[in-house]
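Have a look at the model first, then read on.

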Amino acid sequence: MAFCLEKDRDKFDNFVQFIEDHKDEPGAVMPVLQEAQRVFGYIPEPIVDLMALKLNKHSSEIYGVATFYSQFTFEPKGKHEICVCLGTACYVKGADRLLEDFCDALEVKPGQTTDDGEFSVIETRCVGECGIAPVVTVDGENIGRVKPDMIHKIIYDAKGGDSE
């Protein structure tokens, strides 16, 4: 689901006003990036160009800040987010393999969204549930002690039991 000015006109207009309200503040790039992420759910390329123009910066500077922080993404997120914890406890118990298995099952790479916009697979760091490692968070709900043979059921359940 890509950025579409016609469809997102209200969001766009409000975002432009946000930039105008903050452009003269020191360090304005970070709050403007955060607002773009909040409003659009990701940072669309045309929005980076707009930010650069309005903040009198080079697009490369905007990209530099955005790529430094993991909270920003340049790709729309899926309807369902599958986050695989790669913190130490989870990693030691095979979370790296789970990440690969989710990516293989959904035919994406970590950080990507399926072509149908249904799923995003995201690497995360410690979610604070080390006692039930490895942990996968699906749409905000933690699932503990995940094993590779659970992956297809987790995907199925996230879709609401809809068949593939």
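Helices (H or I, at least four residues) and strands (E, at least two) are DSSP runs, numbered from the N terminus. Keep in mind that this is a predicted model, where local features need pLDDT of at least 70, side-chain atom pairs count only at pLDDT 80 or more, and totals for chains, interfaces and linings use all residues. Residues are numbered from 1 along each chain as its sequence is written, and side-chain values use heavy atoms, with hydrogens and water left out.

**Threonines**

- Thr 114 sits in the loop between helix 6 (95-106) and strand 2 (119-124).
- With a relative accessible area of 10%, Thr 114 is buried (under 20% relative accessible area, with exposed over 50% and partly exposed in between; 1.4 Å probe, protein chains only).
- Setting aside neighbours within four places in sequence, Thr 114 is in contact (heavy atoms within 4.5 Å) with Leu 106, Val 108 and Phe 119.
- Thr 137 belongs to strand 3 (residues 136-138), and counts as buried because its relative accessibility is 11%.
- Not counting residues up to four places away in sequence, Thr 137 touches Glu 81, Ile 82, Cys 83, Val 127 and Asn 142.

**Cysteines**

- Searching the whole structure turns up 0 disulfides (pairs of cysteine sulfur atoms within 2.5 Å).
- For Cys 85, the closest cysteine sulfur is in Cys 90, at 3.6 Å, so that's too far for a bond.
- Cys 85 is buried, at 2% relative accessibility.
- For Cys 103, the closest cysteine sulfur is in Cys 83, and at 12 Å that's too far for a bond.
- Cys 103 is buried too, at 6% relative accessibility.
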